[in-house]
Amino acid sequence: MSTTARGLFVSFEGIDGAGKSTHIEALAHQFTQQGRQVTLTREPGGTPLAETLRTLVLNQAMDPLTEALLVFAARRDHLNQVIEPALARGDVVLCDRFTDATFAYQGGGRGFDSAILSQLEQWVQASASGLREPDVTLWFVLDPRVAAERLSQARVPDRFESQPLAFFEQVHRGYQLRCDQAPDRFIPIEADRTREAVWQSVQAALRVRGVLT
Ligand code: TYD
């Protein structure tokens with residue numbers, strides 16, 4: 001008898017420059033090899049509307065409340081159009097950033113009221129089974145100074161990447177707070193190592209939890 005796989009929701013977090021992208025791709029490959037359907041997506045984004053909102057958020061000046069409302073508006077559309085249907089099909093959803101990024105960037109980085117963010121989270125992520133959250137969050141932890149060094153060699157910076165070091169220190173603290181509040185969901189991955197060493201840690205952490213076989 002064949003059983004339908006349960007949907008699995010994995011998010012990937014970290015300050016800009018922490019190097020999560022290659023590991024997301026590699027995990028997508030790994031899950032596919034194991035016979036799972038994978039939905040690979042990102043935030044802000046993942047739908048035509050949410051990608052339009054992403055372009056605005058990354059490029060237009062706006063006040064912190066507007067920024068928070070736009071990332072949550074993008075998230076609502078993304079959940080409705082992509083994430084919930086994929087989980088209902090039994091897919092593995094690999095999402096490059098989710099709500100922890102809002103608490104880290106808008107809450108920590110911009111200093112926006114996290115109580116308001118929590119309210120928006122409750123509204124936007126309400127589902128039939130309660131608050132929709134990732135099952136597992138891989139947090140790529142990197143010293144903001146090292147990340148800044150890596151980013152200085154990268155492409156043209158967007159509104160976040162061009163922020164000073166102090167901003168990323170606050171973002172890091174924002175992530176740490178979320179990690180402390182949800183230690184069962186968060187998996188911190190020490191990212192200041194070779195790509196291969198980080199990749200080994202990613203796989204090991206997911207195997208221990210029975211997420212990867
Ligand atoms: P990122 O995920 O780093 O994509 P890329 O690799 O293409 O640069 O960029 C998204 C940016 O958006 C990142 O700087 C963090 C920011 N962001 C927020 O400020 N709030 C959010 O809720 C999310 C999801 C992202």
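Colleague: What covers the buried residues of H1?
Modeller: The cover includes strands E1 (8–13), E2 (38–42), E3 (92–96) and E6 (136–141), plus helix H8 (195–208), going by heavy atoms within 4.5 Å. It's a predicted model, so local features need pLDDT of at least 70 and side-chain atom pairs 80 or more, while totals for chains, interfaces and linings use all residues. Numbering runs from 1 along each chain as its sequence is written, and side-chain values use heavy atoms, without hydrogens or water.

Colleague: Which residues of H1 are buried?
Modeller: His23, Ile24, Leu27, Ala28, Gln30 and Phe31 (buried is under 20% relative accessible area, exposed over 50%, partly exposed in between; 1.4 Å probe, protein chains only). They sit on the same side of H1, because their arc around the axis is only 165°, taken from axis-to-C-beta directions.

Colleague: And what's exposed on the face turned away?
Modeller: Glu25 and Gln33. Helices there are DSSP runs of H or I, at least four residues; strands are E, at least two, numbered from the N terminus.

Colleague: What comes after H1?
Modeller: Gly35 follows H1, with a positive phi near 85°.

Colleague: Switching topic: how many aromatic pairs?
Modeller: Eight, with ring centres within 6.5 Å (Trp by its six-membered ring; planes under 30 degrees stacked, over 60 edge-to-face, the rest tilted). Tyr105 and Tyr175 pair edge-to-face, 6.4 Å between centres and 85° between planes. That pair joins helix H4 (residues 99–109) to helix H7 (residues 165–181), 70 residues apart.

Colleague: Are those two tyrosines buried or exposed?
Modeller: Tyr105 and Tyr175 are both buried. They also belong to one aromatic cluster with Trp139, Phe160, Phe167, Phe168 and Phe186.
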